[in-house]
Every structure is written in structure tokens, then in C-alpha cells.
Amino acid sequence: MSALAQVAPAGPPLTSLAGGGRAELAARLRELGVPAREQRMRVGQLWHWMYHRGATEFGAMTTIGKEMRAELARSFSLERPRIVSEHISSDGTRKWLLRMPPKGPRDTGVEIETVYIPEVDRGTLCVSSQVGCTLTCSFCHTGTQRLVRNLDASEIVGQLLVARDQLGDWPGTGRGGDGAALADAPRLISNIVFMGMGEPLYNFDAVKEAVETIADGEGLSLSRRRITLSTSGVVPMIARAGAEIGTMLAVSLHAVRDELRDELVPLNKKYPISTLLEACRAYPGLSNARRITFEYVMLKGVNDTDADARELVRLLRGVPAKINLIPFNPWPGTRYECSSWNRIEAFSEIVFNAGYASPIRTPRGRDILAACGQLKSETEKLRARARLMLESGIGAEGMFASSE
Ligand code: SAH
Ligand code: SF4
């Protein structure tokens with residue numbers, strides 16, 4: 001720890017600046033009495049250290065004067081969401097259960113999950129935008145949990161900060177070499193997908209602010225082309241997302257007839273397939289190089305026939321599209337099963353022959369329950385079991401050992 005780091009005085013914990021946007025940092029500096037004419041420059045300095053270098057203490061910010069650093073350390077922290085547990089899959093996928101700092105005296109701290117998926121040509125971080133979800137897609141485990149609350153922008157950005165800390169994915173850290181030499185090295189986390197818990201378009205302002213921080217070229221620098229928002233189809237927000245957030249878009253289609261989609265993605269009753277596809281066609285900036293991803297979960301005997309595949313191709317005519325077939329990840333109590341491998345391949349071939357790339361999403365991290373639609377719920381279940389066992393006098397340690 002640097003000599004400049006202060007021991008926090010007893011009392012309420014210091015407000016963390018980690019994850020904050022430029023406007024928030026400026027407001028915090030105003031609280032400290034930093035004069036208006038200095039604020040831009042100070043925000044720029046903090047920004048560089050927090051988001052380019054990944055500093056976790058003010059003492060390390062050597063371009064900022066000692067007094068200012070000490071003042072910052074007395075007033076604020078750079079604390080990230082706390083890691084409650086980390087699971088590493090045999091395929092390299094990592095899942096972190098994170099506890100967000102309490103937002104007030106009555107907040108005991110919510111927990112969410114973030115998953116890192118390494119692939120040959122990229123590394124993808126799957127982030128959550130809400131704790132739980134208001135929607136009730138019948139095949140999704142998150143859909144069985146109520147919405148606890150929206151995450152704020154710094155809690156969304158905080159997921160990336162923690163992942164970079166853990167992977168040593170800052171210039172000059174972890175992977176050897178000096179900062180300058182590594183500044184241009186490819187990052188382990190090259191892509192972000194909003195495919196964890198929650199519906200990002202129902203938490204629009206926070207997601208927008210988080211993307212602004214993540215895409216900022218002087219800091220975390222992940223281009224908007226490498227950030228994907230996945231939506232279940234909140235039609236009125238799609239145009240706004242295109243105009244104001246400007247990331248890539250993924251749409252959870254999952255069915256080609258309204259009757260079935262009403263059942264799988266109940267939001268379809270409000271915004272049926274035709275209106276959804278109309279909004280997709282109007283999404284700005286689409287081209288062959290910039291396509292919308294249509295996600296399609298493969299459910300045995302439900303949506304997986306050759307006729308479904310042909311109808312899918314017909315529906316998407318004229319939309320620059322990629323089709324992502326997702327093997328269904330079963331969870332305890334679900335009424336669905338995953339289609340057989342042969343069926344998925346036959347479906348994929350029809351889509352492929354019609355000229356669409358149709359990658360089948362390889363299930364990743366299944367051994368650590370990190371696959372789509374499984375986040376957090378399993379941990380909650382284990383906790384509930386642990387509580388029951390504790391109440392009945394049985395120790396819970398052994399049970400957690402198998403899953404940690
Ligand atoms: N709420 C957003 C983003 C989070 S869900 C959305 O619905 O798009 C991310 C993706 O995982 C969605 O395509 C969702 O339909 C899919 N998914 C949810 N549960 C799943 C499960 N059990 N198996 C496979 N995919 C699932
Ligand atoms: Fe919510 Fe997406 Fe799950 Fe539907 S699939 S319940 S929108 S998280």
C-alpha cells in the first residue's frame with residue numbers, strides 16, 4: 001500500500017468513484033471544492049488512472065499532486081464490487097459472484113454474476129444489467145426470479161473493472177512487460193455482451209451511461225462495435241438504443257410465430273414479431289459488416305422443426321442478420337428440454353444454406369453453471385439449501401465445497 005493511502009476513519013464507508021462517468025467524477029470533485037476551471041483537467045487525470053491504468057488507490061496516481069491525492073483518499077475510495085466467489089471452469093470460463101457496495105443504511109448489498117468466456121479470437125465478458133428481471137420468459141431461470149433492482153452505471157462498469165483486475169488485463173499488470181510496451185497489446189477482454197441477468201433496455205439510462213464509460217477511447221476503450229446489447233424485444237426502446245447508445249444489437253427471437261413467442265417471451269403479446277422486425281430493419285448503421293444477431297434457443301419439440309428454420313429465414317429476409325442457435329440450458333423444474341444435436345445441426349444447415357452464418361453457441365462453463373440463463377439462480381438455490389441445513393443443525397461447509 002502506498003504511503004499516501006489513508007486509513008479510513010471509523011464511520012460510514014467512503015463513496016467509491018470506481019465505475020463513475022465523467023459527469024459523476026466532476027460532481028465529486030466539486031464536492032471537494034476543486035475550482036470549475038480545474039475540473040476538466042482533474043477528471044482527465046483520474047480517468048486515465050482509473051480506466052486506462054486500472055489504479056485501485058489514489059496514491060498510485062503520480063501525475064496528480066500529493067496533496068490532491070491525499071485529499072481524494074480522505075474523501076473517496078476506488079473500491080470495486082466485492083468478489084464473493086470465483087469459479088473457473090475446465091474450459092477456462094470464469095464466473096464471479098459479486099456483491100455490490102450497499103447503497104444506503106438499509107441496503108444489505110445485492111449480488112450478481114459476471115462471466116468471462118475466453119475464445120480463440122476474442123475474450124467476451126457477459127455482464128448483468130439488473131438484479132433479476134421483470135420479464136418472465138418461460139425457458140429462462142432469471143425469469144422465475146423477481147426484479148430486485150436495476151444496477152446503476154458504476155455497478156455495470158464495476159463488473160468490467162473486477163474482471164480486468166482478476167485477469168491482470170490492465171497495461172503493465174499481470175502479463176509482464178512495462179505499461180508502455182503493453183499499451184497496444186490485445187486485451188484479454190475484447191468484447192462485452194449484455195447477456196447476464198436482466199433486460200438492458202428496461203434499464204436504459206444506466207446502460208447508456210455505462211457504455212459511454214466503457215467505450216471512451218481515453219479509458220477502457222472497448223469500441224461500440226465490440227459491445228452487444230441483448231434484448232427480449234422492447235420495441236419502443238430499440239430506435240433509441242440505436243441513436244443514443246449505438247452498440248451492436250442482439251434480439252432474443254426464439255420463435256417464428258406469435259402464438260408460440262407469446263408463450264416463450266411473453267413480452268411478445270405487447271410487441272409482436274412484425275413490430276419487432278420493423279424496429280430491427282430501422283436500426284441505424286446496419287450493413288453486411290454490421291448485422292443484428294438473432295438469438296434462437298433450441299427447445300426440443302417446441303420451436304426446432306425444419307419448417308421453423310425455413311420460416312426463420314423467410315422472416316429475416318432483408319435484415320442484415322446473424323443467427324445464433326443456443327442449445328437450451330436446462331434448470332431444475334423447467335418443462336423444456338434441449339433439442340437433440342442432430343436436430344440442431346439440421347436446423348443450422350437450413351439457415352446456413354439460406355446464406356446466414358448460423359453458429360451454434362458452444363455451451364461454455366456448464367460445469368460451473370455459467371451458461372446463459374443459469375446465472376445467480378443456482379447460487380441462490382444453494383444458499384437456500386444452506387439456510388435450511390443450518391436451521392436444522394447440519395453444517396453447510398461440505399455442500400459449498402463441491403461448488404466453489
Ligand atoms: N434479457 C435479455 C438479455 C439477457 S438473457 C434478453 O432476453 O435478450 C441472454 C440470452 O440468454 C437471451 O437470448 C435469452 O433468451 C437466453 N437464455 C435465457 N435462458 C436460457 C436458457 N436456459 N438456455 C439458453 N438460453 C437462455
Ligand atoms: Fe429476462 Fe432475458 Fe430471461 Fe427473458 S430471457 S426473463 S428478458 S433475462
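How many helices and strands are there in the chain? There are 13 helices and 13 strands, where helices (H or I, at least four residues) and strands (E, at least two) are DSSP runs numbered from the N terminus. This is a predicted model, in which local features need pLDDT of at least 70 and side-chain atom pairs count only at pLDDT 80 or more, while totals for chains, interfaces and linings use all residues. Residues are numbered from 1 along each chain as its sequence is written, chains are lettered from A and ligands numbered from 1 in the order in which they are written, and side-chain values use heavy atoms, with hydrogens and water left out.

**View 1. The chain as a whole.** Of its 404 residues, 52% count as buried; buried means under 20% relative accessible area, exposed over 50%, and partly exposed in between (1.4 Å probe, protein chains only). The chain exposes about 18,400 Å², and carbon and sulfur atoms supply 53% of that area. Accessible areas come from the Shrake-Rupley method with a 1.4 Å probe, and for residues only the protein chains shown count as cover. Among contacts (heavy atoms within 4.5 Å) between residues at least 6 apart in sequence, 64% join residues at least 24 apart.

View 2. The residues around ligand 2 are Cys133, Leu135, Cys137, Cys140, Gly143, Gly198 and Ser232, each with a heavy atom within 4 Å of the ligand. This shell divides into 4 nonpolar, 3 polar and no charged residues. In this division Ala, Val, Leu, Ile, Met, Phe, Trp, Tyr, Cys and Pro count as nonpolar, Asp, Glu, Lys and Arg as charged, and the others, Gly among them, as polar. Ligand 2 sits in the largest cavity. A cavity is a set of points, on a 1 Å grid over the protein atoms alone, where a 1.4 Å probe fits but cannot get out; a molecule sits in one if more than half of its atoms lie within 2 Å of its grid points.

**View 3. Leucine 201.** Leucine 201 lies in the loop between strand 9 (191-194) and helix 6, and is buried at 2% relative accessibility. Not counting residues up to four places away in sequence, leucine 201 touches Leu229, Thr231, Val234, Met237, Ile238 and Ala241. Leucine 201 and threonine 231 are 30 residues apart in sequence, with their C-alpha atoms 6.7 Å apart.

**View 4. Threonine 247.** The loop between helix 7 (235-245) and strand 11 holds threonine 247. Threonine 247 has a relative accessible area of 1% and is buried. Beyond four places in sequence, threonine 247 touches Val211, Arg224, Ile227, Leu229, Tyr283 and Arg290.

**View 5. Glutamine 166.** Glutamine 166 belongs to helix 4 (residues 153-167) and is partly exposed, with a relative accessible area of 34%. Leaving aside neighbours within four places in sequence, glutamine 166 contacts Ile83, Glu86, Arg94 and Trp96. Glutamine 166 and arginine 94 are 72 residues apart in sequence and 10.0 Å apart from C-alpha to C-alpha.

**View 6. Serine 221 and histidine 254.** Most residues other than glycine have a negative phi. Serine 221 has a positive phi, near 60 degrees, and histidine 254 has a positive phi of about 70 degrees. Serine 221 is in the loop between helix 6 (204-215) and strand 10 (227-231), and is partly exposed at 38% relative accessible area. Histidine 254 lies in the loop between strand 11 (248-252) and helix 8 (258-264), and is buried at 4% relative accessibility.

How values were computed: 1 Å grid on protein atoms, 1.4 Å probe; cavity = no way out; pocket = protein on both sides within 12 Å on 5 of 7 lines; lining within 4 Å.
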